[in-house]
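Subject: Structure for your review

Dear colleague,

Please find below the structure that I am handing over to you. My notes on it follow, arranged by topic so that you can read them beside the model.

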Amino acid sequence: MSEFEEWARATYRQSSIEVDPSDLALIELIYAGTIHQLEALDHIDLEKFPAVGIDLRHAPKPS
Amino acid sequence: MSHPQDWTLRQQAEAVRRGDLSARELLDATIARIIERDASINSTPVIFEATSREELNPVPPGPLHGVPITVKDMFALPWRAARNGTSFDLIPASASGPYRNLRDSGVVIVGIANQHELGIGTTGTESAYGRMGNPWNPGHCAGGSSGGSAAAVSARLVAGSLGSDSGGSTRLPASYCGVVGLKLTYGAVPYDGYFGAATTFSAPGVLARDGGDARMLAAALLQRPLPQQSGSGLRVGIIRDPFWSDVDPEVTSAGEKALGAAGWHVHEVRLEHLELAGAAFLSRLIAETGVPPNDLLATLSRPTRSLLLAGMLAPARFIPRADRVRAAVRESLAKAFQSADFLCWPTTPAPAPPLDEPRVNLPSGRAFADLSNVRQTLLANLTGVPGISIPIGLHSSKLPIGLHLLAPWGGEARLLDAAEHLERVTDRAFVDLVPPLAR
């Protein structure tokens, strides 16, 4: 069993989620792609991206 | 006399109002049309033969009095739970907010529109009701997740359908099926009884054959008028890369021709932080989607199940950063709207792919349709603005092409003005195209 499989199974077990073992290869592939895309967020300069409230119904208030 | 489902929504409403056709006759003809024509596209797997006839007694006296439409499986109805493309009753039967608004306008719900399972997909290849075919070629995708809505309107089974849009789910199938698909501004209607209440991305949407019908149905849904103004002389911002550049060349060409025909003032726009929009969208969407209970999980298709389970493993550290990016992208979009009445690019980067292999060929290479589709549409969901897809012709594969427009928050009327302007200057050449299934 790969390191990913072991970790994924343990995580699912913790949440009582039953996983079909034959799904794990596809899950790993999707997970790798997801993390690859999300890692761009690790590199943002927080000074340039302040935490502000968001009201999706309206345009943002001029800063 | 032609079949009433070959008429527009406006013509149907007018015929019932004038007494040329009774609401019962229109409903009966609609049910017969769905039964006769839906087998190859599977757009409307549930028909309310008895309930819709009961709904006629009485129909509220609204502007759409007696006009039948279908509703995506994401909205609870008083007599049916919302199942979201699964076999489970996920939101108990009730009069959902969007249903109440439409019903107050006089519509009759004739059936449930098929959709991609849990709304997680833009192809319509997975659903508890079976996959959806495209009326232009039933072997190709109708799109998703509101694929049944778009296919039913395109095939002239109904003239309007209620869809929803969390990442492009109204606009993308509209593009694939050659109809108009309008996503509303986030939060513009009551969300109770609607799956959109669980995310910050989703908004109801309407699917119709042209801008006039979309305006009528959207006004009913919003419960406010959407006054018509001139759509000429508008300022259009285009974002070249990747929305125009990584697209099938025929799609690009059709979009450029449409912009030329419209005579709008086109200029290029650079949207700051756009390169982070996809990551911000993905991070939040994963967190909000979650994982369903085991009994439901076990019944889902492998792709949907695996997507959900992979998402569950994503670290939470990205979420607050995604929200910061989301706020910044909203600011840069608001800035872009200072010099543009709307932004514009192709809705789908390529026409509908085959159901058996939903991949598309793009200048950047062969891609999963889902990934390249959502890239084109997620900006509206990330920021909350309304968006529309308008038919602009056929690809050499004989499948439709759609043009995508985004307007500022609350700008639904402007999008419809633009759609109707384009229809006028092209002599309705694209909105009146009829798919082979409906000839």
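**A buried aspartate and its surroundings**

B:D246 counts as buried, because its relative accessibility is 11%, below the 20% limit used for that class. Please bear in mind throughout that this is a predicted model. B:D246 belongs to the loop of chain B that runs between β9 (235-238) and α8 (249-262). Which residues is B:D246 in contact with, once its neighbours within four places in sequence are left aside? They are B:P349, B:L362, B:P363, B:S364 and B:R375. With B:R375 there is also a polar contact, in which the two side chains are joined at 2.7 Å.

**Backbone features in chain B**

Two cis peptide bonds may be found in the loops of this chain. One joins B:N57 and B:P58, with omega at about -5 degrees; B:P58 is located in the loop between α3 (49-54) and β2 (68-72). Another runs from B:G144 to B:S145, where omega is near 5 degrees, and B:S145 sits in the loop between β5 (137-141) and α5 (147-154).

Positive phi values deserve a look as well. B:N84 is not a glycine, yet its phi is positive, at about 55 degrees. This residue, B:N84, is placed in the loop between β2 and α4 (97-104) of chain B. B:K398, likewise not a glycine, has a positive phi of about 70 degrees and is part of the loop between β14 (387-394) and β15 (400-406). Are these residues buried or exposed? B:N84 counts as buried because its relative accessibility is 4%, whereas B:K398, at 57%, counts as exposed.

**The sheet of chain B**

In chain B, 11 strands make up an open sheet with mixed pairing, and their order is β1-β3-β2-β6-β8-β7-β14-β15-β11-β9-β10.

The size of an interface is often given as the accessible area lost when the parts come together. Here chain A and chain B bury about 3,600 Å² between them, and 69% of that area is on carbon and sulfur atoms. On the side of chain A, the residues that lose the most area to chain B are A:L41, A:F49 and A:L56, which together account for 21% of what that side buries. In terms of contacts, 40 residues of chain A touch 43 residues of chain B.

How many salt bridges cross the interface of chain A and chain B? The rule finds 3. One salt bridge is between the side chains of B:R305 and A:D23, at 2.5 Å from N to O. Across the interface there are also 15 residue pairs in polar contact. On the side of chain A that touches chain B, α1 (3-14) and α2 (24-38) each supply at least two residues, and α2(A) gives the most, with 8 residues. Sorted by class, that side of chain A has 24 nonpolar, 9 polar and 7 charged residues.

Yours sincerely

How values were computed: Residues are numbered from 1 along each chain as its sequence is written. Chains are lettered from A and ligands numbered from 1 in the order in which they are written. This is a predicted model: local features need pLDDT of at least 70, side-chain atom pairs count only at pLDDT 80 or more; totals for chains, interfaces and linings use all residues. Side-chain values use heavy atoms; hydrogens and water are left out. Helices (H or I, at least four residues) and strands (E, at least two) are DSSP runs, numbered from the N terminus. Buried means under 20% relative accessible area, exposed over 50%, partly exposed in between (1.4 Å probe, protein chains only). Contact means heavy atoms within 4.5 Å. Buried area is the accessible area (1.4 Å probe) that two parts lose on being put together, summed over both. A salt bridge is a side-chain nitrogen of Lys or Arg within 4 Å of a carboxyl oxygen of Asp or Glu. A polar contact is a pair of N or O atoms within 3.5 Å; within protein, one must be able to donate a hydrogen and the other to accept it, and residues adjacent in sequence count only if both atoms are side-chain atoms. Ala, Val, Leu, Ile, Met, Phe, Trp, Tyr, Cys and Pro count as nonpolar, Asp, Glu, Lys and Arg as charged, and the others, Gly among them, as polar. Two strands pair if DSSP finds at least two bridges between them.
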